[in-house]
Amino acid sequence: MNKKLFLFIPVICGIFWGSGGVFTRVLNDFGMNSLTIFTARVTLACLMLFLFLIIFDRQSLKINLKDLWIFIGSGILGFMLNMCYNEAAFRVSLSLASLLLSLAPIFALIISAILFKEEITKIKLACLVVALFGSFLVSGYLDGGSTVFSPFGILCGFLSALFWALFGMFSKIASNRGYSSFTITFYSFLIISIAIIPFADWGIFAEYLTTNSSFNVPFAIANALFVGVLPYILFNISLSHIDNGLATILCSGGEPLSATIFGALIYSEYPTFLNLIGIFITLIALSVLINSTDDNG
């Protein structure tokens, strides 16, 4: 497959992750806290992956015990990423939380350059700056959408970006050791599920599933599939073909764009003129980045 086709995969991941706000908002309105929402999502995703692998690809369930630290690391970082982002979203505006998360490529480029010797090219830097500026416009911050500032919330936003970049690093290490995206995703989910299952409020989750079950059960499964299974697997697939810094840049561009689209379609949160300019700028930056990457590197 042409390597440029793999460059679209992180953008798709960003679109899936951008849909997470819809699921989180609905479940939070029912009374679930962020830890319960995340735990239910990851646990269901883990069960879905296990059933898939036990039927179609048992080989992917095998790992070398000396590599267990990699999966423990990716699981912990995935948990910290989600919890810090949720905490930031609760303490500052959603637009500011999204803007802070979009700083992940900066951390990813620096970490990847240090650990994997990945080149930081002028085009990567230029596209990163332009994409971040476009994301800034998409966030709605200049339109006065963010007036609440919390030092702890802002710190959590920065940490979510750092943990996202570090998660990509651990996934890249696992990929370089020959593990498939299914193996990386499953064991990351399994480890973090074991650690946090005791702390979730399963009573309210059970109540949610039994209340209007014809809708709520498929909704909970969709939450695990579209925000858990698919984006993590696709992101890990992309790391097998492109470097971590580039994948994170592309993913960070897709997330705020999709969040804007979902907000408009579902909650009538229509973009302003500056939002539309930001979407256009970000798409241009991503297009240039994709077209500037040849099949050899």
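## Overall fold

Among contacts in the protein (heavy atoms within 4.5 Å) between residues at least 6 apart in sequence, 88% join residues at least 24 apart. The structure is a predicted model, in which local features need pLDDT of at least 70 and side-chain atom pairs count only at pLDDT 80 or more, while totals for chains, interfaces and linings use all residues. Residues are numbered from 1 along each chain as its sequence is written, and side-chain values use heavy atoms, with hydrogens and water left out.

The protein has 14 helices and 0 strands, where helices (H or I, at least four residues) and strands (E, at least two) are DSSP runs numbered from the N terminus. Of its 297 residues, 54% count as buried, a term that stands for under 20% relative accessible area, with exposed meaning over 50% and partly exposed the range in between (1.4 Å probe, protein chains only). The protein exposes about 13,300 Å², and carbon and sulfur atoms supply 71% of this area; accessible areas come from the Shrake-Rupley method with a 1.4 Å probe, and for residues only the protein chains shown count as cover.

## The salt bridge

A search of the whole structure finds 1 salt bridge, defined as a side-chain nitrogen of Lys or Arg within 4 Å of a carboxyl oxygen of Asp or Glu. The side chains that meet in this way belong to Arg177 and Asp67, at 2.4 Å from N to O. Arg177 lies in the loop between H9 and H10, and Asp67 in the loop between H4 and H5, so the pair ties together parts that are 110 residues apart in sequence. Arg177 is partly exposed, with a relative accessible area of 44%, whereas Asp67 counts as buried at 5% relative accessibility.

Helix H5 covers residues 68-91 and includes Leu68, which counts as partly exposed because its relative accessibility is 30%. Leu68 also belongs, with Leu65, Ile72 and Ile76, to a nonpolar patch on the surface that has about 350 Å² of accessible area together. Patches are made of residues with over 30% relative accessible area and no salt bridge, with like charges joined within 9 Å and nonpolar side chains (Val, Leu, Ile, Met, Phe, Trp, Tyr) within 5 Å.

Phe90 is also placed in helix H5 and, at 45% relative accessibility, counts as partly exposed. Leaving out residues up to four places away in sequence, Phe90 touches Asn28 and Ser34; Phe90 and Ser34 are 56 residues apart in sequence, and their C-alpha atoms are 9.3 Å apart in space.

Ser175 sits in helix H9, which spans residues 151-176, and counts as buried at 13% relative accessibility. Apart from neighbours within four places in sequence, Ser175 is in contact with Ile184, Leu239 and Ser240.

## Cavities

The whole structure holds 2 cavities of 30 Å³ or more. On a 1 Å grid over the protein atoms alone, a cavity is a set of points where a 1.4 Å probe fits but cannot get out, and lining residues have an atom within 4 Å of a point. Grid points are joined across faces, edges and corners, and a volume is the space filled by probe spheres set on the points.

The largest cavity contains about 90 Å³ of space and is lined by 15 residues, of which Phe38, Val42, Gly78, Phe189 and Tyr232 lie nearest its centre. At least two lining residues come from each of helix H4 (34-56), H5, helix H10 (181-196) and helix H12 (213-239), and H5 gives the most to this lining, with 5 residues.

Terms used:
1 Å grid on protein atoms, 1.4 Å probe; cavity = no way out; pocket = protein on both sides within 12 Å on 5 of 7 lines; lining within 4 Å.
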